[in-house]
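Hi,

Here is the structure I promised to pass on. Have a look at it first, and then read my notes below.

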There are 2 protein chains.
Amino acid sequence: MDNHELTPKSEIDARIRNLQKALNEASIDGAVITQFVDLFYFTGTSQSGHLFVPAHGSPVLLIRKSYTRALKESSIENIVEMKSMKEVPAAAYAAGKMAKLGFELDVIPYNTYKFYAKLFGESEITDISPIIKNIRAIKSPYEIGMMKKSAAVLDAAFSEVPAMIKTGMKEIELASRFEATLRSRGYGGGARMRAFNQDFFYGNVNTGASGSVPTYFDGPVGGPGLSPANNPGGAGWKEIGKDEVVYIDYTCVISGYTTDCARIFATGKLTDRLIEAHRISLEIQNETTSMMKPGINCMDVYDKSVEIAKKYGLENNYMGIGPDRVKFLGHGVGLELDEFPIFAKGLELELKPGMTFAMEPKFVFEEGAIGTENTFVMTETGPEALTLSTEDITYI
Amino acid sequence: MDNHELTPKSEIDARIRNLQKALNEASIDGAVITQFVDLFYFTGTSQSGHLFVPAHGSPVLLIRKSYTRALKESSIENIVEMKSMKEVPAAAYAAGKMAKLGFELDVIPYNTYKFYAKLFGESEITDISPIIKNIRAIKSPYEIGMMKKSAAVLDAAFSEVPAMIKTGMKEIELASRFEATLRSRGYGGGARMRAFNQDFFYGNVNTGASGSVPTYFDGPVGGPGLSPANNPGGAGWKEIGKDEVVYIDYTCVISGYTTDCARIFATGKLTDRLIEAHRISLEIQNETTSMMKPGINCMDVYDKSVEIAKKYGLENNYMGIGPDRVKFLGHGVGLELDEFPIFAKGLELELKPGMTFAMEPKFVFEEGAIGTENTFVMTETGPEALTLSTEDITYI
């Protein structure tokens, strides 16, 4: 497999049109896009630079490095080799009066903002990150095809897990083998998170009690990780014992598109409550996906899941344990791991066709973490799963 | 190996003292630290939260998630479980008048800054990122010990490369095996870059002409990567051929501490100019490290390296090829990959004992990338290499 497939011009054109429509509706005269992910989305290349999109007219892509590569990858017609940052406002102001200019103020650091504010002194700078997030939340059929390729790699990797697990091996050894499987099939670098300080690396292998170790990350399952320093979560140094749950929750990033999936393995017998909690996870998945119709409020889906956990007396183990529980059930995935929609407590968001998201009903007990996670695409009639490997507990 | 070693209290105390001294010198009344890396540096835990450090008095660590884990990992005496962000200004203002409060404005996104500015309405918010970077640039003997552990893992991984390389295998297969070796020995998540939009994943395996493919990254060698989307650099889908240079440049992150090293392998014969350029890389390394005494200006070190490349008529192939060359020779490494010092064109910076940095004289030709890279610690008398595997070209 070679993923150097270029984003079709028709895709790029449609995305730019969507952005221009939203700029017009918000009375913003133009947008300056610079974050790698947004740049890739709107141009087809992640080469370093700035994309200027006027509310009316043609975009200009100004590339710092590498110009020759951007020329090959992007279907934007006007691509310029940029020597100085001053060329960006020059390009913008050549397109007309830019009283209001949009920037990605959710990710641009304050010091960088100050630099831009001076550079674009003729304009009021405004935040267009909600506009961008809303556009990107609705995936085109082309993008859904890319998501399916990403999910297929996860499915293939999970099918190899039974041959990888041996009791006595360290969690990190299993993780490194699982990651190598993903990587050699095209995992193209870290799953990106847009939110500040929400760092993430590949995913989690947690066995037995490791699954109950809490961490900083806004997810239901933590794990000890390899040190207290960076990414202190996921696989640690613990040896995999007999009669333990092996919880594997990983992302896959193929050609930029992220999918997310969790599966459960067991080295012998599991406790009754783990087995029952796994069944309840599948029940929650079934009940919540059944209620998903276009237009439904995402917070109602989360509330439904809590209601089921409560019915079984498991609310204190649902989505984490004790004080370290998180208050969501699912999150949008695409070019980033934390896209719209979010299925969370008190967050009103309308579910729309074309949205892709991971649903992850999980439970955590002293003896381990268990549950399920799948990536779905929302269709006109309901959600369709993209991750397709067996959800039964696989006993090794 | 288990890297869940906790940062000693004496280290944390000294770091906080250094910060308080700098705050006092700059007439700043207190600091609010929130970025994961800085938080780990000043507290010993990366759990999500805020550290308030008054210019005089004791720090308060307010933890959002996970409080129980932060209690185990950090030697800060006053650790508080935080339920609301309002508790951070409350803790700060309880310590006295905070006319001027320092934040990490190089990394905090603009929207987050606006939130803080409102929350800390009684204070003028000021940037303390230069203060933090300067403190972190000087490593303690404890930190140098951590860097040595990180370098030893890289050395061990490079020693296994000859057994991994087979002609006909894809670059990404070799990369996935090399990464699995690092990972199973404790590579704890992505090497972090502080600069906005400077994303990075593990490192590069480039074979033959792949080494001449340019990319967005501010490094001498690019590579095709796996797709035009995220991290479009490093190993790609190309098969490793006969008589090709195999350029391997990787980071290692152990307990948060990053080292960086490049080594050269060959599947048969290399062109004369590649072999000669490799020799010149070692000459540049030797000449530039010989001139490094405490107090030297880092830009003079860079200029010396360019002078040597020019002497051999290779200035157009030094640190990249043609328009995609970069204008630096080395960069600080530690908890992040882009620390002080920087050895770059026109950048005045004083080299000091305790600094740790990677020096990477490299050349790029149509038939491939070649050179060397090592991580050093600056001592009172000169630089000492931490990465120690053979720098000869290893012929497979």
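Predicted model: local features only at pLDDT ≥ 70, side-chain atom pairs only at ≥ 80, totals over all residues.

**How the two chains meet**

As for the contact itself, 66 residues of chain B touch 66 residues of chain A. On chain B, helices H2 (36–43), H3 (67–73), H5 (110–119) and H8 (171–184) each bring at least two residues to the side that touches chain A. H8(B) gives the most, with nine residues. Sorted by class, that side of chain B has 25 nonpolar, 28 polar and 13 charged residues.

**A sheet in chain A**

Chain A has an open sheet of five strands, in the order S11-S10-S12-S15-S16, with antiparallel pairing. Strands S11 (339–344) and S16 (383–385) of chain A stand at the edges with a single partner strand each, so one side of each has no neighbour in the sheet. On average, neighbouring strands here are turned by 30° against each other, direction ignored.

A:Val377 has A:Glu384 in S16(A) as its bridge partner. Helix H7 (residues 141–159) of chain A packs on this sheet and touches strands S12 (356–359) and S15 of chain A. The direction of H7(A) makes about 165° with that of S15(A).

**An enclosed strand in chain B**

Is strand S7 (residues 203–207) of chain B buried or exposed? Five of its five residues are buried, so S7(B) is largely enclosed by the rest of the structure. Both faces are covered, with B:Gly203, B:Val205 and B:Thr207 buried on one side and B:Asn204 and B:Asn206 buried on the other. S7(B) runs antiparallel to strand S8 (residues 245–254) of chain B, and five bridges join them. One of the residues involved is B:Asn204, whose bridge partner in S8(B) is B:Asp249.

**Two helices side by side**

Back in chain A, helices H10 (residues 272–290) and H11 (residues 298–311) pack at an angle of about 145°, with their axes 10 Å apart. The crossing of H10(A) and H11(A) is right-handed. From H10(A) come A:Ile280, A:Glu283, A:Ile284, A:Glu287 and A:Thr288, and they meet A:Val301, A:Lys304, A:Ser305 and A:Ile308 of H11(A). By class, this contact has four nonpolar, two polar and three charged residues.

Most residues other than glycine have a negative phi, and most peptide bonds are trans. With that in mind, here are some spots to check.

- The peptide bond from A:Lys65 to A:Ser66 is cis, with omega near -5°. A:Ser66 sits in the loop between strand S3 (60–65) and helix H3 (67–73) of chain A.
- A:Phe340 and A:Pro341 are also joined by a cis peptide bond, with omega about 0°. A:Pro341 belongs to strand S11 of chain A.
- B:Tyr202 is not a glycine, yet has a positive phi of about 60°. B:Tyr202 lies in the loop between H8 and S7 of chain B, and is buried, with 25 other C-beta atoms within 10 Å.

Cheers

Definitions and conventions:
Residues numbered from 1 in each chain as written. Chains lettered and ligands numbered in written order. Contact = placed C-beta atoms within 7 Å. Helix = DSSP H or I, 4+ residues; strand = E, 2+ residues; numbered from the N terminus. Nonpolar A, V, L, I, M, F, W, Y, C, P; charged D, E, K, R; others polar. Pairing = 2+ DSSP bridges. Axes fitted to C-alpha atoms, helices over the stretch in contact; angles between N-to-C directions. Buried ≥ 20, exposed ≤ 12 C-beta atoms within 10 Å, placed from the backbone. Left-handed = near helix turned anticlockwise from the far one by under 90°.
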